[in-house]
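Work through the exercises below with the structure open. Each task is followed by a solution in steps.

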Amino acid sequence: MSIRPSIVKQLGRRASLVPAAVAVALVLASCGGSSVSGGGDDDGGGGDEGAALDPVKIGLLVPLSGVYAALGEDMQQGFQLYLDENDGKLGGAEVEVVEADEGESPGTGVPAATRLVTQDQVDAVAGIVSSAVALGVKDLFVESKVPLVVANAGANDVTAGGSPYIWRSSFTNGGVAAALGAYVAEQVGDGSVYLISADYAAGAESTGGFKETFEAAGGTIAGEAFTPFGTTTDWQPYLQGIRASGASAVYTFYAGAEAVGFTTQYNQFGLKGEIPLYAAGFLTEGGVLEASGEAAVGIQNSLHYSDQIDSERNNAFVEAYVAAYDEVPTTYAVQAYDAAAALGLAIEAAGATDSESIAQGLSEVGEIDSPRGTFSFDENHDPVQPYYLREVQEVDGVLANVVLQELEQ
Ligand code: BEZ
C-alpha cells in the first residue's frame, strides 16, 4: 500500500446526510427469532449458489441522536454499502436489519440493546459508538450468547478476556493514543504536553494510552484536564489553564460535536498558532472536519484509516461510497462496513445463521480485506492493524487527513 502525498481525489466534501431510512436494509418478507441453517445443501457452507441458509436478523445499534449522531449515520451507510455490494446478503443469507438508537449514554444505549436481544430476538448485533454504552452492554451479550461486533467504541475492557460473543472491528482507545506518544515526545523535545479530553471511559483511556508511550519516550506532562462529557460548550476556562501551564503542545481526545467545539474554540482563543495540537484522529474525522474548517488545519493525529490511503482496495471502496452517498467515507463507515464483512465471513464459515454458529464462525474468519488494509483479530478479538500519522491539510480547496507515515507501535 502506498500513501497519497496529497489529495488527488476531488470527491471530497461531505454532502448532506442521507435519511436514516435509506440506510436500512430490509430484505426479508418474514422471519422472527433465531434462525438455523436448513443445512444439508451442496455448496459447502455459505456461498451464494444453492445455499439453504435461513435468513439472519441483525441489530444495528448506533447513535441516531446526541453528540455522536453523525457518526451513527456514517456507520449506517458503511454497513448498508457492504450489503449493497453483496446482493443484500451476509455470507449468502438474506438479511433483516433492525435499527436501534444508541443515543449518547448507557441510559439510552442499554435499553436499546436489551430490546434488540430480548424483544426483536436478533441473531447478532453490530455497532455501538460510545465506550460507556459498550461497557454497559457487554454482559448482556455474553450472558445471552448473542454475538456483538463493536464497530467503534474503543474501551479496552469491552474485549478483555476474549469472550466468544464479543468482537471489535474498530480499535482500542489506548491503542490509537499510544501510537502517537513517542512521535510527540520527539517533536517537543525538552518541552511538555498538556492533556485534555472528554470525561468518560474513552477520554480516560486515550489519555492513559498517550501518557504511557509519551512518558516512556522521555516526555513530560504539563497538566491534565477532563471536561464533562456531552454538556461542555465553553472550553475557555480549560484553554486558560493550558496557556497558563506553559505547555509546548497539547494532546486531546474529542469526537463528534465536541470535537468541533474544542477545535473551534482552541483557534478562537489564539492557541492554534501558539501551541501545536495533537489528537486521536476522531478530532478531525468526517463531518467534524468540515465543520471545524480552517481551525483544524495543521492538526496532527493518529488513526487506522484515512480516505487518502492510496491502495487499490481503498480506492475502489471510496469510489463506491462516493457513488452511493456523494461524500467520502469516514473511519466510522469503514468500521461498520468491516463489521458487516466479519459477520458475512462468519456466516459463510459456519454455514448457518443462528447466534451460536455466528459466534463460532467469527473465530474462523481469519483475515478481513478492509479498505484500511488487511486485518485479523487478536486473542481479545481486537483488530491487529497499523496506525497512521495524519495531518489536516487543505489541498485543492478540500480539507483532508493526509497520511504522513505509519506510526511505530
Ligand atoms: C468511544 O467512546 O470509545 C469513542 C467515541 C467516539 C469516537 C471514538 C471513540
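The model is predicted, so local features need pLDDT of at least 70 and side-chain atom pairs count only at pLDDT 80 or more, while totals for chains, interfaces and linings use all residues. Residues are numbered from 1 along each chain as its sequence is written, and side-chain values use heavy atoms, with hydrogens and water left out.

**Exercise 1.** Find which residues surround the ligand.

Solution. Step one: a residue is near if one of its heavy atoms lies within 4 Å of the molecule. Step two: 15 residues surround the ligand, and V129, S130, S131, G154 and Y200 are the closest. Step three: this shell holds ten nonpolar, five polar and no charged residues (Ala, Val, Leu, Ile, Met, Phe, Trp, Tyr, Cys and Pro count as nonpolar, Asp, Glu, Lys and Arg as charged, the others, Gly among them, as polar).

**Exercise 2.** Find where oxygen atoms of the ligand lie from polar atoms of S131, G154 and N173.

Solution. Step one: for S131, a polar side-chain atom is 2.6 Å from a ligand oxygen. Step two: for G154, a polar backbone atom is 3.0 Å from a ligand oxygen. Step three: for N173, an N or O atom of the side chain is 3.4 Å from a ligand oxygen.

**Exercise 3.** Which domains contribute at least three residues each to the shell around the ligand?

Solution. Step one: domain bounds come from an automatic or database domain assignment. Step two: the two contributors are domain 1 (9-171 + 310-386) and domain 2 (174-303).

Conventions. Polar contact = N/O pair within 3.5 Å; in protein donor to acceptor, adjacent residues only side chain to side chain.
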